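Morning, everyone. Please have the structure up on your screens. I'll keep this short.

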Amino acid sequence: GKGFFKVRIVSAESMPLEEAPGLESFVQYDEPRAAVAIRDFVADGEDVLQLWSGETVYVASDDGEGWLFGFFLDPDDPE
């Protein structure tokens with residue numbers, strides 16, 4: 001297939017998430033930061049937000065490797 005490949009895992013190690021080493025450049029913001037999209041962004045996958053130019057999203061953390069994690073606020077939800 002186009003752009004796909006297979007791998008065979010020879011060995012793996014697992015540990016509780018709390019014990020996993022973090023990324024050195026990971027930043028979690030005490031108060032999420034508002035950001036406004038400057039262009040449309042659409043990607044495949046359920047776990048990726050689709051953003052439209054002018055839309056506001058709240059950024060909760062930055063993994064330091066190109067991914068920001070955030071959420072939308074529902075204007076109809078008082079909490």
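I'll take the sheet, then one hairpin, then a pocket. Keep in mind that this is a predicted model.

Start with the sheet. Strands of a sheet pair through backbone hydrogen bonds, either parallel or antiparallel. Which kind do we have here, parallel or antiparallel? The pairing is antiparallel. The sheet is open and has 3 strands, in the order β1-β2-β3. Which strands sit at the edges? Those are β1 and β3, and each of them pairs on one side only. From one strand to the next, the twist averages 35°.

Now zoom in on β2 and β3. These two run antiparallel, and 4 bridges join them. Let's look at two positions. Aspartate 62 has leucine 68, in β3, as its bridge partner. Valine 59 stands opposite glycine 70, also in β3.

Next, the turn. How many residues lie between the strands in the hairpin of β2 and β3? There are 5. Find glycine 64 in this hairpin: its phi is positive, near 75°.

Last, the empty space. Rolling a probe the size of a water molecule over the atoms shows where empty space is left. The largest pocket holds about 520 Å³. It is lined by 17 residues, and the closest to its centre are Leu49, Leu51, Trp67, Leu68 and Phe69. Which elements give two or more residues to that lining? They are β1 (27-36), β2 (56-62) and β3 (68-71). What is the lining made of? It divides into 13 nonpolar residues, 2 polar and 2 charged.

Technical notes. Residues are numbered from 1 along each chain as its sequence is written. This is a predicted model: local features need pLDDT of at least 70, side-chain atom pairs count only at pLDDT 80 or more; totals for chains, interfaces and linings use all residues. Side-chain values use heavy atoms; hydrogens and water are left out. On a 1 Å grid over the protein atoms alone, a cavity is a set of points where a 1.4 Å probe fits but cannot get out, and a pocket is an open set with protein on both sides within 12 Å along at least five of seven lines; lining residues have an atom within 4 Å of a point. Grid points are joined across faces, edges and corners, and a volume is the space filled by probe spheres set on the points. Ala, Val, Leu, Ile, Met, Phe, Trp, Tyr, Cys and Pro count as nonpolar, Asp, Glu, Lys and Arg as charged, and the others, Gly among them, as polar. Two strands pair if DSSP finds at least two bridges between them. Axes are lines fitted to C-alpha atoms, for helices over the stretch in contact, and angles run from 0 to 180 degrees between N-to-C directions.
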